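Let's walk through this model together, one piece at a time. Keep the structure open beside you as we go.

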Amino acid sequence: MAYTTIDDPSEFFQCTLYTGNGGFNTITNDGNSDLAPDIIWGKCRSTTKTHYFYDSIRGVENRVETDNTANQDSNTNGVVEFQTDGFRLASGNTENDNGETFVAWQWKINGGTVANNTAGNTTTSVQSNLTAGVTIGTYEGNSSNGNSIGHGLGAIPDFFMIKGYTGSGTKYWTVGCPNIASMANGASKTLNLDTGGAVVNNTAIWGNVSLTDSIVTINSGQQVNHVNSDYMFYAFKNIQGYSKVGEYFGNASADGPFVYTGFKPAWVMIKTLSTTDDWYIFDNKRAGFNPEVFRLRANTTGTETTGTNNTVDHLSNGFKLRFTGGSINGSGLAYLYIAFAENPFVTSTGVPATAR
């Protein structure tokens, strides 16, 4: 059985739906536990708008967007307060357009408490929650090869992402997953969250130096290390019963692969590693039943789509693919997924999760 140290995943991750009102709007979570978010990632469902992304290191009113490479936008009409069980919005259309429907995915880390990390040769400001297996941090680039940044995770990250938010140069959302077989050529393989491109080798980013349990080595590529530019990073490790980064291979069948996570998923993001396609996001609130047909795409401004294409079932211990196409289930294609739990498959006291 898959026992866990996190019996209530809503302590650390929640998905919340809301409707915009064009004014001040307090968004309150409805999970079993109160969740004061340190990361808020949201998207309008009902009309075309950019994604919005805030965190408690850079602070409120500082938005970046997952579907483009733009710098941080100091936006006084977006998220204006992180609250004890949600957040408060002002009148911005991206976050709070009147009458439009939205979803917000939120992670708790450490309440904005930040410490300097000097494990590498470049000092980082890091906020960590080792119970939930996540750290976020910031550092300043200098365009030198062989820089190392301390990530504070205490383990080799299963998912590591860097995004520049000030300065010149193109600032992609750069993703590395060194424990995934299809991305584990040293550390040179990378994806971009803001595009649908397949995995590429890029030694200007990781320098083909493996990530360790304390540092990530970066080269001079402007995506990760441009002089006089500020960068943010996000590091996740797998936590049994709560989070899982992994890989599966498609079979092009409506009776698709079953992917074991060890929990009932609240949130799943899938990206093909073999070909160009989008980053598909499913969660436990927008439909709330199987098959999960409501999906958004991290790399586009498009509205939420539904229908029989790109569908999955959320199960008590993982998820199952229900579509035959290459976006999530092409024959023999490799796929990356990152998932967070609604409930562990079995709690620490032996209570099993229920299926939908």
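Start with an open sheet of three strands, in the order 21-26-25 and with antiparallel pairing. Strands here are DSSP runs of E with at least two residues, helices are runs of H or I with at least four residues, and both are numbered from the N terminus. Two strands count as paired if DSSP finds at least two bridges between them. Strand 21 (258-260) and strand 25 (312-315) are the edges, each with a single partner strand, so one side of each has no neighbour in the sheet. From one strand to the next, the twist averages 20°, with axes taken as lines fitted to C-alpha atoms (for helices over the stretch in contact) and angles running from 0 to 180 degrees between N-to-C directions.

Before going further, a word on the ground rules: this is a predicted model, so local features need pLDDT of at least 70 and side-chain atom pairs count only at pLDDT 80 or more, while totals for chains, interfaces and linings use all residues. Residues are numbered from 1 along each chain as its sequence is written, and side-chain values use heavy atoms, with hydrogens and water left out.

Back in the sheet, strand 21 and strand 26 (residues 318-321) are joined in the antiparallel sense by three bridges. Valine 259 has phenylalanine 319 of strand 26 as its bridge partner.

Stay with strand 26 and look at the loops beside this pairing. Aspartate 255 makes a salt bridge with arginine 322, with 3.9 Å between the closest N and O atoms. Aspartate 255 sits in the loop between strand 20 (243-249) and strand 21, and arginine 322 in the loop between strand 26 and helix 3 (326-329), so the pair ties together parts 67 residues apart in sequence. The term salt bridge means a side-chain nitrogen of Lys or Arg within 4 Å of a carboxyl oxygen of Asp or Glu. Buried or exposed? Aspartate 255 counts as partly exposed at 48% relative accessibility, and arginine 322 is also partly exposed, at 33%. The cut-offs are under 20% relative accessible area for buried, over 50% for exposed and partly exposed in between (1.4 Å probe, protein chains only).

How many salt bridges does a search of the whole structure find? The count is 13. One of them joins the side chains of arginine 63 and glutamate 95, at 2.8 Å from N to O. Arginine 63 belongs to strand 5 (residues 62-63) and glutamate 95 to helix 1 (residues 93-96), so this pair ties together parts that are 32 residues apart in sequence. Both arginine 63 and glutamate 95 are buried.

Glutamate 304 and arginine 286 also meet through their side chains in a salt bridge, at 3.0 Å from N to O. Here the loop between strand 24 (296-297) and strand 25 holds glutamate 304, and the loop between strand 23 (280-283) and strand 24 holds arginine 286, so the pair ties together parts 18 residues apart in sequence. Both of these residues are buried. Shared partners join Arg45, Asp283, Arg286 and Glu304 into one salt-bridge network.

Now for another strand pairing. Strand 13 (residues 147-150) and strand 18 run antiparallel, joined by four bridges, and glycine 150 stands opposite isoleucine 215 of strand 18. In strand 18 (residues 215-218), Ile215 and Thr217 point one way and Val216 and Ile218 the other, and all are buried. Serine 148 lies in strand 13 and counts as buried at 9% relative accessibility. The whole structure has 27 aromatic pairs. Rings of Phe, Tyr and Trp (its six-membered ring) pair if their centres lie within 6.5 Å, and planes under 30 degrees apart count as stacked, over 60 as edge-to-face and the rest as tilted. Phenylalanine 12 and tyrosine 242 have ring centres 6.1 Å apart and planes at 70°, so the pair is edge-to-face.

Finish with the largest nonpolar core, which has 44 residues, with Trp41, Trp105, Trp107 and Trp267 making the most contacts inside it. Strand 27 (residues 334-344) gives the most to this core, with four residues. Such a core is a set of buried Ala, Val, Leu, Ile, Met, Phe, Trp, Tyr and Cys residues joined through side-chain atoms within 4.5 Å.
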